Amino acid sequence: MKRFASILIACFCAVLCLNAQPKTYNSYKGLVMAGYQGWFDTPEDGSGRGWYHYNRAGRFEPGYCTIDLWPDTSEYPVTYETAFRLEDGTPARVFSPQDPSTVDVHFRWMKEYGLDGVFMQRFVTEVVRPAGKAHFDTVLASAMDSANKYERAIAVMYDLSGMPSGGDRFLLEDIAEIARKHSLFEHEKNPSYLYHNGKPLVAVWGIGFNDNRKYGFKEAAVIINGLRKMGFSIMIGVPTRWRELTQDTIPDKELHRLIRKCDIVMPWFVGRYNPSSYAKFRGLIDEDIAFAKKMRVDYAPLCFPGFSWDNMQKPGRRSSLIPRLGGAFLREQLDYCINAGAEMIYIAMFDEIDEGTAIFKLAKDIPVGQPGSTFVPLEEGVEPDTYLKIVGEAAARLKK
């Protein structure tokens, strides 16, 4: 009798598994999402790009690097030796998202710690070139698979920085290809792809900045109108002072007209404040939320854990550092956004070790004694997964 009961239970569980529906992401609301750069390469990863986004002048060695944080590589199935040395003299190692196993580890961490998902960055200035497109296509395909495996939300984000002439038309062709390849308009086939307002969401970052970009509102309008016509919902990435049209923003109300054509507005806050100045800055978020509601556009405030890009800008110096304060700086931002009524949050970034904003697992044992290259260490008492825990806890609070 007991054996018969066990067989019945096993059969019942099997039926449940067969009928289980995959998690479907129908709205950004209630989610904490991060940006995913995915742009790193090594000479041995098969990409043909050599050291990429690790290097300076084609070299990745002391005095020739652009990263300020060192990743914890203890869980990656495939890693790559570098010319940097740890304190015990052993070679320091890095990862490459060209390896599907690397991307799989990242999405597993998202699941384990409660980060809802990521926006996969596609830098137009890179994907217009065949080698860059091949790399980002590979990373995106791995990410789509891992997102569904671990039931994490995923969406495409285009970064327009440095976009060349004709980049607007290329972008629309590129997203049409991605939509076909990854079934973006067939949610049952790709349930992890993030929808918003009933349509697959695409983010376009870098519109309205007054830093003399080669493209302007004309190209932005082509992109936004094209995406709308194709049936996408849109998140537009804009400068910090988008509402007032001052400081880092082009003083032209055309930006507001473009924002009204989109579904979500996400202003860029990285580097705009530090632990000392955030208290004065945060009132801007309240005003942004109110203004976005009047515009009938959803609002995604940005939070970041800290910042540093000295190896990229001024090798060997620590002049750009915005300290993390052991996670207290990130917690303060997340707490404020949630308490202010934010319905969704964007984290910069998941894996950005170039500019020191990464929240994924960071190494406690970093290269030392490297002339011309100095890395930001984890603070005392901070573990490799501290920032993943902080973000996951905030995601749980946001859902309540």
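The following legends describe close-up views of a predicted model.

**Figure 1. Aromatic pair of W70 and F375.** Across the whole structure, a search returns 37 aromatic pairs. A pair of aromatic rings is described by the distance of the centres and the angle of the planes. For W70 and F375, the ring centres are 5.2 Å apart and the planes stand at 80°, so the arrangement is edge-to-face; the cut-off for this class is an angle over 60 degrees. W70 belongs to the loop between β1 (32–36) and β2 (80–85), and F375 to the loop between β12 (345–347) and α12 (386–399). The pair thus links distant parts of the chain, 305 residues apart. Both W70 and F375 are buried.

**Figure 2. Aromatic pair of W109 and F360.** The rings of W109 and F360 are also arranged edge-to-face, with 6.4 Å from centre to centre and 80° between the planes. W109 is part of helix α2 (residues 100–113), whereas F360 is found in the loop between β12 and α12, so this contact ties together parts that are 251 residues apart in sequence. W109 and F360 are both buried.

**Figure 3. Arginine side chains over the rings of F209 and Y387.** R213 is placed over the face of F209, at 4.6 Å from the ring centre. In a second example, the charged end of R324 sits over the ring of Y387, and the distance to the ring centre is 4.5 Å.

**Figure 4. Hairpin of β2 and β3.** Strand β3 (residues 91–94) pairs with β2 in the antiparallel sense, over three bridges. E81 has R93, in β3, as its bridge partner. Five residues lie between the two strands of the hairpin. In the turn, G89 has a positive phi of about 95°.

Figure 5. D351 is located in the loop between β12 and α12. The side chain of D351 does reach backbone atoms: the backbone nitrogen of Q37 is at 2.7 Å, and the backbone nitrogen of G38 lies 2.9 Å from a polar atom of the D351 side chain.

Key
Residues are numbered from 1 along each chain as its sequence is written. This is a predicted model: local features need pLDDT of at least 70, side-chain atom pairs count only at pLDDT 80 or more; totals for chains, interfaces and linings use all residues. Side-chain values use heavy atoms; hydrogens and water are left out. Rings of Phe, Tyr and Trp (its six-membered ring) pair if their centres lie within 6.5 Å; planes under 30 degrees apart count as stacked, over 60 as edge-to-face and the rest as tilted. Helices (H or I, at least four residues) and strands (E, at least two) are DSSP runs, numbered from the N terminus. Buried means under 20% relative accessible area, exposed over 50%, partly exposed in between (1.4 Å probe, protein chains only). A charge sits over a ring if NZ of Lys or CZ of Arg is within 6 Å of the ring centre and within 35 degrees of the ring normal. Two strands pair if DSSP finds at least two bridges between them. A polar contact is a pair of N or O atoms within 3.5 Å; within protein, one must be able to donate a hydrogen and the other to accept it, and residues adjacent in sequence count only if both atoms are side-chain atoms.
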